[in-house]
Amino acid sequence: MTITHADRMPVAFVPAQPLDTRAAGVRRNLGAIGMLWRREVIRLTRNRLRVVMGLVTPLMFIVVLGTGLEAVGGDAVVMEHYRTFLFPGMLMMAVQSPAMGVGISIVWDRQSGFLRQTLAAPVRRISLLIGLCLGGATTGALYAFLVLLVAPYAGMSYSPGLLLGLAVAALIAFTFTALGILAAVTIRSVDTFEVVVSLALTPLLFLSGAVFPPNGLPGWLGTLVLINPLTYAIDATRRVLPGDFFLDGMSQSPQLWGWTPPVWAELLMITTLALGTLSVAAHRFAKAQQ
C-alpha cells in the first residue's frame with residue numbers, strides 16, 4: 001500500500017479549542033458593550049443637574065414659544081394647536097444633547113488617556129462603539145420620557161401612542177450618538193468639537209420642520225428641508241404620537257417628487273443613516289488608533 005502525501009496530512013487539525021475561543025471572544029465583546037452602556041447610564045444618573053439643564057431649553061420652547069405664538073394667533077384656527085405641532089421637534093431637541101455628550105466624552109477620554117486603556121482590551125473596536133451608541137440611545141430615551149410627561153400641556157393625553165413616540169426617540173438618539181462618535185473620532189480638540197457640533201445641530205433643527213411646516217416653503221428652503229434627515233425623523237414622530245400635529249391641515253408630511261414616505265420608510269431612512277454612520281465611524285476609529 002502506497003502512502004501518499006495527503007494521507008500523511010493531519011486528519012483533524014481544528015479541535016474544539018477554536019470554538020471555545022470564539023465563544024469567549026463573543027462573551028468579551030458583549031461584556032465590553034454592556035460595560036460601556038452602563039458607564040453612560042451611570043454617568044447620567046449621577047449628574048442630576050445635567051439632566052435638569054438638558055430639559056430647560058426644549059421645555060422653554062414648548063411653554064414660552066408655543067404658548068406665546070398661540071396667544072399671538074388669537075382666533076386663527078391654524079395656531080390653536082401650535083404647542084402640539086412644536087412638541088415632536090422639542091422631543092428631538094431633548095434627545096440630541098445627551099447623545100452628543102457621548103461624542104465629547106470620547107474626546108475627553110482620548111486626552112485623559114482612558115481611551116488608550118480601553119483600546120488595550122482584546123475586543124473589537126465596533127463593540128466599543130456599539131456600547132457607546134446604546135448608552136447614548138438609553139440616556140436620550142430617558143430625556144424623551146421626561147419630556148413626554150408634559151405631553152398633556154401640549155394637548156396630548158396619556159396613551160400607548162406615547163410609547164411609540166418614545167421608541168422613535170430612542171432610535172433617533174442612537175443616530176445622533178453615531179453622528180457624535182463620528183465627529184469625535186475625526187476631531188481631537190474639545191473646543192473644536194463643541195463649536196462644530198453646535199454649528200451643525202442648530203441648522204439641522206431649524207431646517208427640519210420642527211418650528212414651521214415643511215411644506216409650502218420657497219424653493220431653496222424647501223430643498224434644504226427635504227434633504228435634512230431630521231425632517232423625516234420629526235415627521236415620523238408626529239405621525240406615531242396621538243394628537244393634532246398638522247395645524248388644521250396647514251402642515252403636511254414632506255413629499256419626495258409627489259410621494260409621501262410612509263412611517264416605516266422614514267424610520268428605515270433613519271436606521272440606514274445610523275448604521276452607515278456607525279460603520280464609517282468604526283472604520284475611522286480603527287484607522288486612527290493604528
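1. A quick word on classes before we start: Ala, Val, Leu, Ile, Met, Phe, Trp, Tyr, Cys and Pro count as nonpolar, Asp, Glu, Lys and Arg as charged, and the others, Gly among them, as polar. Keep in mind, too, that what you have on screen is a predicted model.

2. Of the 19 lining residues, Met93, Gln96, Ser97, Ser198 and Leu201 sit closest to the centre. Helix H3 (48-73), H4 and helix H8 (190-206) are the elements that each give two or more residues to this lining. Which of them gives the most? That's H8, with 8 residues.

3. Now try the second largest pocket, which holds about 270 Å³ of space. It also has a lining of 19 residues, and Met100, Phe176, Leu179, Leu201 and Leu204 lie nearest its centre. Helix H7 (161-186), H8, helix H10 (229-240) and helix H11 (263-288) each supply two or more lining residues. H7 has the largest share, 6 residues. By class you get 16 nonpolar, 3 polar and no charged residues.

4. H5 gives the most, with 3 residues. The class count here is 7 nonpolar, 1 polar and 2 charged.

5. Next, the packing. The largest nonpolar core has 71 residues, and Phe87 and Ile181 touch the most other members. H4 gives the most to this core, with 16 residues. Which residues does isoleucine 181 touch, leaving out those up to four places away in sequence? They are Val102, Gly103, Ile106, Leu129, Leu132, Cys133 and Ala281.

6. Last, the record. In an unreviewed entry, UniProt places "transmembrane region" at residues 51-73, 85-108, 128-150, 162-185, 192-212 and 263-282. Over residues 85-108 the model is 100% helix and 0% strand, with the end C-alpha atoms 37 Å apart. Over residues 192-212 the chain is 71% helix and 0% strand, and the end C-alpha atoms are 30 Å apart.

Technical notes
Residues are numbered from 1 along each chain as its sequence is written. This is a predicted model: local features need pLDDT of at least 70, side-chain atom pairs count only at pLDDT 80 or more; totals for chains, interfaces and linings use all residues. Side-chain values use heavy atoms; hydrogens and water are left out. UniProt positions are given in the numbering used here, feature names are shortened, and annotations may be inferred rather than shown by experiment. Helices (H or I, at least four residues) and strands (E, at least two) are DSSP runs, numbered from the N terminus. A nonpolar core is a set of buried Ala, Val, Leu, Ile, Met, Phe, Trp, Tyr and Cys residues joined through side-chain atoms within 4.5 Å. Buried means under 20% relative accessible area, exposed over 50%, partly exposed in between (1.4 Å probe, protein chains only). Contact means heavy atoms within 4.5 Å. On a 1 Å grid over the protein atoms alone, a cavity is a set of points where a 1.4 Å probe fits but cannot get out, and a pocket is an open set with protein on both sides within 12 Å along at least five of seven lines; lining residues have an atom within 4 Å of a point. Grid points are joined across faces, edges and corners, and a volume is the space filled by probe spheres set on the points.
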